[in-house]
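Biologist: Let us go through this chain one question at a time. Please give the cut-offs as they come up.

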Amino acid sequence: STVKDLETGNKLIVQSTTTTAPSGATTTTSKVSISVGGSSATGTVTVDNSDLSSAIEAISGTETVVSIEIDDDQTTEFSIGQESMQTASNAGVSLQVSNGVASVTISDRDVDSLSSSGTVTVNVSSMDVSSLNPVQSQAIPAGAIGVTLGMTAGSSQISQFRDVVEVSFG
């Protein structure tokens with residue numbers, strides 16, 4: 001993998017893998033991540049457009065997901081400005097935000113739909129399942145982890161997407 005320091009103090013990580021199919025055809029994909037350093041006192045990470053542009057320039061092969069990662073489960077909000085959303089839309093990439101709680105992937109089609117809606121904010125945090133009412137508690141298996149997920153574009157809450165929004169935990 002290649003690590004590059006960005007002007008913002010964050011790091012760009014590019015990992016390339018080549019796979020060979022039984023037919024002998026090879027496919028090269030790269031995972032491009034922006035690693036946000038440290039934790040945020042406000043719990044919010046703002047995605048810098050120059051970092052996103054650098055990540056898009058580093059894409060090679062067939063991978064089209066740019067991941068914004070922070071290794072801090074206390075940082076729960078990712079803010080992606082309209083300029084950054086338009087940059088991602090123009091490049092046709094999907095965006096993934098990831099903290100110590102979960103990763104959320106927004107498809108390229110949804111990035112395109114949201115790119116003219118203002119700043120997009122994704123909230124991902126763990127929740128205390130003991131605070132749920134009895135009916136909700138019965139629906140959750142013992143030992144399960146609760147996660148709160150919310151997304152806004154501009155001042156509007158987003159509840160419908162063109163594609164599936166992928167969420168993975170941990």
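Biologist: Does glycine 9 count as buried or exposed, and at what relative accessibility?

Modeller: First, the basis: this is a predicted model, where local features need pLDDT of at least 70, side-chain atom pairs count only at pLDDT 80 or more, and totals for chains, interfaces and linings use all residues. Residues are numbered from 1 along each chain as its sequence is written, and side-chain values use heavy atoms, with hydrogens and water left out. Buried means under 20% relative accessible area, exposed over 50%, and partly exposed in between, with a 1.4 Å probe and protein chains only. Glycine 9 therefore counts as exposed, at 55%.

Biologist: Where is glycine 9 placed?

Modeller: Helices (H or I, at least four residues) and strands (E, at least two) are DSSP runs, numbered from the N terminus. Glycine 9 itself sits in the loop between β1 (2-5) and β2 (11-20).

Biologist: How many helices and strands are in the chain?

Modeller: Of the 170 residues in the chain, 36% are buried. Among contacts (heavy atoms within 4.5 Å) between residues at least 6 apart in sequence, 64% join residues at least 24 apart. The count for the chain is 4 helices and 12 strands.

Biologist: Which residues have the most contacts inside the largest nonpolar core?

Modeller: A nonpolar core is a set of buried Ala, Val, Leu, Ile, Met, Phe, Trp, Tyr and Cys residues joined through side-chain atoms within 4.5 Å. The largest one has 33 residues. Leucine 95, leaving aside neighbours within four places in sequence, is in contact with residues including Val66, Ile68, Met85 and Ala88. Those with the most contacts inside the core are Val66, Ile68 and Leu95.

Biologist: What space lies in the largest cavity?

Modeller: On a 1 Å grid over the protein atoms alone, a cavity is a set of points where a 1.4 Å probe fits but cannot get out; lining residues have an atom within 4 Å of a point. Grid points are joined across faces, edges and corners, and a volume is the space filled by probe spheres set on the points. The structure holds 1 cavity of 30 Å³ or more. The space in the largest cavity is about 50 Å³.

Biologist: Which strand gives the largest share of the lining of that cavity?

Modeller: The lining includes Asn10, Ile34, Asp51 and Ile68. The largest share is 3 residues, and it comes from strand β4 (residues 44-47).

Biologist: Is aspartate 51 buried or exposed?

Modeller: Aspartate 51 lies in helix α1 (residues 49-57). Leaving aside neighbours within four places in sequence, aspartate 51 is in contact with Leu6, Thr8, Asn10 and Ile34. Because its relative accessible area is 2%, aspartate 51 is buried.

Biologist: Which residues is asparagine 49 in contact with, leaving aside its neighbours within four places in sequence?

Modeller: Asparagine 49 is also in helix α1, and at 16% relative accessibility it counts as buried. Its C-alpha is 9.5 Å from that of glutamine 86, 37 residues away in sequence. The contacts are Glu83, Ser84 and Thr87.

Biologist: Which are the buried residues of helix α2 (residues 82-91)?

Modeller: The buried residues of α2 pack against elements including β4, α1 and β7 (94-98). Just after α2, glycine 92 takes a positive phi of about 70°. The buried residues of the helix are Ser84, Met85, Thr87, Ala88 and Ser89.

Note on methods. 1 Å grid on protein atoms, 1.4 Å probe; cavity = no way out; pocket = protein on both sides within 12 Å on 5 of 7 lines; lining within 4 Å.
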